[in-house]
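These are my notebook entries on one structure. I set down each look-up in the order in which I made it.

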Amino acid sequence: MSTKDTQDRVESFIKRWQGQEGGQERANYGMFLVELCDLLGLSHPDTASVSHESNDYVFERVLKDTARDGTVSHKRIDLYKRDCFVLEAKQSRITGDKKIGNVQQLAGMESAPRGRRASANRAWDVLMMNARAQAENYVRLLPAAHEPPPFVLVCDVGHAIEVYANFRRDGKAYDQFPDRRSFRIYLEDLRDEKIRQRLAAIWTDPISLDPSRHAAKVTREIATRIASVSQALEKSGHATEEVAMFLMRMLFTMFAEDVELLPKDCFKELLKDCVKKPEIFPGMMEDLWKAMDEGAFTATIREKVKKFNGEFFKNRRALALAKEEITDLLAAANHDWKDVEPAIFGTFLEQALDPADRRKLGAHYTPRAYVERLVIATVIDPLRAEWDNARSTADRQKAEGKAEAAIKTVAAFHEKLCETRVLDPACGTGNFLYVSLELMKRLEGEVLEALVDLGGQEGLALESHTVDPHQFLGMEVNPRAAAIAELVLWIGHLQWHFRNKGVAPSEPILKAFKNIQCMDAVLKWDGYPMPKVVDGEVTYPNPRRPDWPKMDYIVGNPPFVGGKDIRARMGGGYAQALWKAHKHMNESADFVMYWWDRSAEILLKPKSSLKRFGFVTTNSISQMFQRRVMEPHLNAKKPLSLTMAVADHPWTKVTRDSAAVRIAMTVAQAGKHEGRLLEVTKEEALETDSPVILFAERQGKINADLTVGVDVTSAVELKAGLGLCSPGVKLHGAGFIVTPDEAKLLGLGRRKGLERHIRHYRNGRDLMATSRGAMVIDMDGLSGEEVRVHFPEIYQHLSVRVKPERDKNNEEYRRVNWWLFGRRNSDMRGFIANLPRYIATVETAKHRVFQFLDASILPDNMLVAVGLSDGFTLGVLSSRFHVLWAIRTGGWLGVGNDPRYSKSRCFDPFPFPAADDTQKHTIGAIAEELDAHRKRVLSEHAHLTLTGLYNVLERLKSVASQMI
């Protein structure tokens, strides 16, 4: 079809519908939408079937609404397309009508002419606002098999379509799309081909409209170019920090050009000139940056430029570049910087500028959807609840004829929003702070829209006060990352300003708020930031906790460092100082829990300004050592509560070397509150920049182990089980492990008594996969001199293979007793000493399997040993009752999200049944048969493994359940 034919059809459609009298949406909306589909080249909705299950694209889609008392009513979606949108239709009346839909006409809210509004029309807004709420409620009522669609559409037939989007697919908080200026599509806007294409995509490929899909790709491409330039400058001898600040000035200049804070294409033309004559590059850039700092004329581009100020151009030294590097910068400048995603730009830039991280470019960042999920639960949900209350109050005041009071109510909330402070105490490059800023700007847009509708003056409100970077506070130990965080916030803020206002902000463009502090958030000492060296040892004098700035919300993703790794990763001196500064913390707690504990302490202080905090952690937060941090706060006389938690959440797999972890999210609020526990039901597209995670939600009191319901963490150890269960031996030296052939060379079979000290050895992989047939040197009970005299080959072997490593160990026992295991495991040695066999299970494994091991086998520390040899005990431990108990109390761990069997949580508190002799015999016989059968099958089929057998069993059970 020709362009003229298309335009003729558009004009005909507009003419036919624009003058229609409203108030009859039930009669008109179907015809309007069918004709709209024809205009856009879309298929018509299907004929609805009686059963509803297959009604995926229909008018009047029936939904079942079950009330709390169990009564069932039915609702109808005006137009529904599965995985695309829910559409609610209304038809407002033209001037002179008595009413608008079912909305009561309020004093001072009379109808205005249809079409683009020139002034406030509160009644029309009430109509559309109610329709939006109705549509969002329909999303909640969709069948469980239907994922929440990415779009909600509110259609005023013959007038406008409002577009709201939520690409997180969680069914909550649909936002104006693409922004506040453009979310409302009036009938005459259909003349624009881009608008028609956007509407068509909502019908046919809605996910293609997700800005993050394109933005992440563009952002990664830009970072790759910058990495190349950074590498070249470092090779030329420039310091890393100098290179980083220079390139950040370059990037901001690219952005300023694309949003026309600088004259259009002036910077690209400058770079083209510099490609031809690279020697002019430093002088040209320094002249331009001087003008940007001062707001002066520059001969470089022959224009007077706006005053930027801030900190970026105070030091304006430009580094000399070769033609190739300037070409890379030109390629980066040719990207549309309006499409850059600040939420991940900072991370990519940090990796591009850091020589150590450059090879991992794009590998380790928190996906936008994950950040948004936590920020919404921590910051936006409580703010939106406050806004809903303020809006309801304003509506009531307006209805009562108190227009000025209504304006003051909305203006007061806006003032409060503009004073709300969000702190990320481990902000890195600022992605959590940026997303918080963007979502608060979206909320501000709604507030200002309401202010205008009530007759207030948005421009005056914005000029005097607006949500801006000064409210978003960061603490970051890396100075380069802290500087990038500030850049990210300003780019994000200015992007948002131009999308929603379309004009340049007032000068100076940038302001030196100094809201990002370069500091350690959990440790301070005399002479900070430099440690003191005493007798060759790094020390941290007078260690203490630093002060945090005053804030209303805390949100972030502190470093993933396990408690057992703090000393190795952070240094022994730092670890000792950290533990001294936080005396109440158990030393096995993960590093992130120091942030969690400090935030909880601030939250529970009397008259604290902090309302909520939320953190991303590894999913080990539900394990014992992390729970010990949370429990005192959850169980305090005046406690805090978890208002949202995800116990097990996937991480990104966008690149091959992405971090191999599972994460958890927790949000806390002071007082006793029920919370939302989200359980992942579906994981898709983890290898992309736009992963889709779907959840099942449970409401209730969230326990310290991130469960709802019975709090199994309150179970205490039982005396009957004490001393019967223990992890295996912990070697602290791979040199103890030998093959059978090596054991012979070391004297096994020749040296009398050595058979008691070289024993068979098994770890988790040996039991669940294929056994290595390994042996281990166990000199328990012998002095070093006795080993040297009686077993000289062993002494020599351990001197070479173990002692050098032990000499560097921090524990004196391990350094001095280098021929012995790092932990003796007295309990385990005691309870298997006089047994022919014992029971073992792998501490962390996909399948919870218990089996008998011969007493000659020494278990690795990742095996849990039970000092009983009877079949009844094996049967009880293997029963579904105990396995279910173990999964619930032990939790999950690792990238495979495998159940973890903890002695103290799974075995010690477990109540064994008081069975009679007949029951014990019956259960024991079945258990003996099961253990023997498994071992026989594995011995007869060398290619099989225990994990493989249980994988097959799991699949068979799954197929059987589907056939029932």
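Predicted model: local features only at pLDDT ≥ 70, side-chain atom pairs only at ≥ 80, totals over all residues.

Is phenylalanine 821 buried or exposed? I found phenylalanine 821 to be buried, with a relative accessible area of 5%; buried means under 20% relative accessible area, exposed over 50%, and partly exposed in between, with a 1.4 Å probe and protein chains only.

Residues are numbered from 1 along each chain as its sequence is written, and side-chain values use heavy atoms, with hydrogens and water left out.

I counted rings of Phe, Tyr and Trp (its six-membered ring) as a pair if their centres lie within 6.5 Å; planes under 30 degrees apart are stacked, over 60 edge-to-face and the rest tilted. By this rule the count comes to 32 aromatic pairs. Phenylalanine 13 belongs to helix H1 (residues 3–18) and phenylalanine 32 to helix H2 (residues 25–40), so that the pair links distant parts of the chain, 19 residues apart. For helices (H or I, at least four residues) and strands (E, at least two) I used DSSP runs, numbered from the N terminus. Both phenylalanine 13 and phenylalanine 32 are buried.

I then returned to phenylalanine 821, whose ring centre lies 5.2 Å from that of phenylalanine 736; the planes are at 85°, so this pair is edge-to-face. Phenylalanine 736 is in the loop between strand E21 (725–727) and strand E22 (737–738), and phenylalanine 821 in the loop between helix H25 (812–816) and helix H26 (826–832), so the pair ties together parts that are 85 residues apart in sequence. Phenylalanine 736 is buried, at 0% relative accessibility. I also recorded a cluster in which ring pairs link Phe246, Phe252, Phe255, Phe281, Trp289, Phe308 and Phe313.

I took a charge to sit over a ring if NZ of Lys or CZ of Arg is within 6 Å of the ring centre and within 35 degrees of the ring normal. Lysine 81 lies over the face of tyrosine 57, at 4.9 Å from the ring centre. The charged end of arginine 598 sits over the ring of tryptophan 548, 5.4 Å from its centre.

Most residues other than glycine have a negative phi, and most peptide bonds are trans. I found a cis peptide bond joining phenylalanine 177 and proline 178, with omega about 0°; proline 178 is placed in the loop between strand E6 (175–176) and strand E7 (184–186). The peptide bond from glutamate 507 to proline 508 is also cis, with omega near -5°, and proline 508 is in the loop between helix H15 (479–501) and strand E12 (516–518).

Arginine 169 has a positive phi, near 60°. Arginine 169 lies in the loop between strand E5 (160–165) and E6, and at 7% relative accessibility it counts as buried. Aspartate 265 has a positive phi near 65°; it lies in the loop between helix H6 (240–258) and helix H7 (266–276) and is partly exposed, with a relative accessible area of 32%.

Which residues of H5 meet H9? With contact meaning heavy atoms within 4.5 Å, I listed Ile222, Arg225, Ile226, Ser228, Val229 and Ala232 in H5, which meet Glu325, Asp328, Leu329, Ala331 and Ala332 in H9. Helix H5 (residues 211–235) and helix H9 (residues 323–333) pack at about 160°, with their axes 9 Å apart. Axes are lines fitted to C-alpha atoms, for helices over the stretch in contact, and angles run from 0 to 180 degrees between N-to-C directions. H5 and H9 are therefore roughly antiparallel; angles under 35 degrees count as roughly parallel, over 145 as roughly antiparallel, 65 to 115 as roughly perpendicular and the rest as oblique.

Asparagine 557 lies in the loop between strand E15 (553–556) and helix H16 (566–570) and is buried, with a relative accessible area of 18%. Not counting residues up to four places away in sequence, asparagine 557 touches Thr366, Asp424, Ala426, Phe432, Val616 and Trp651.
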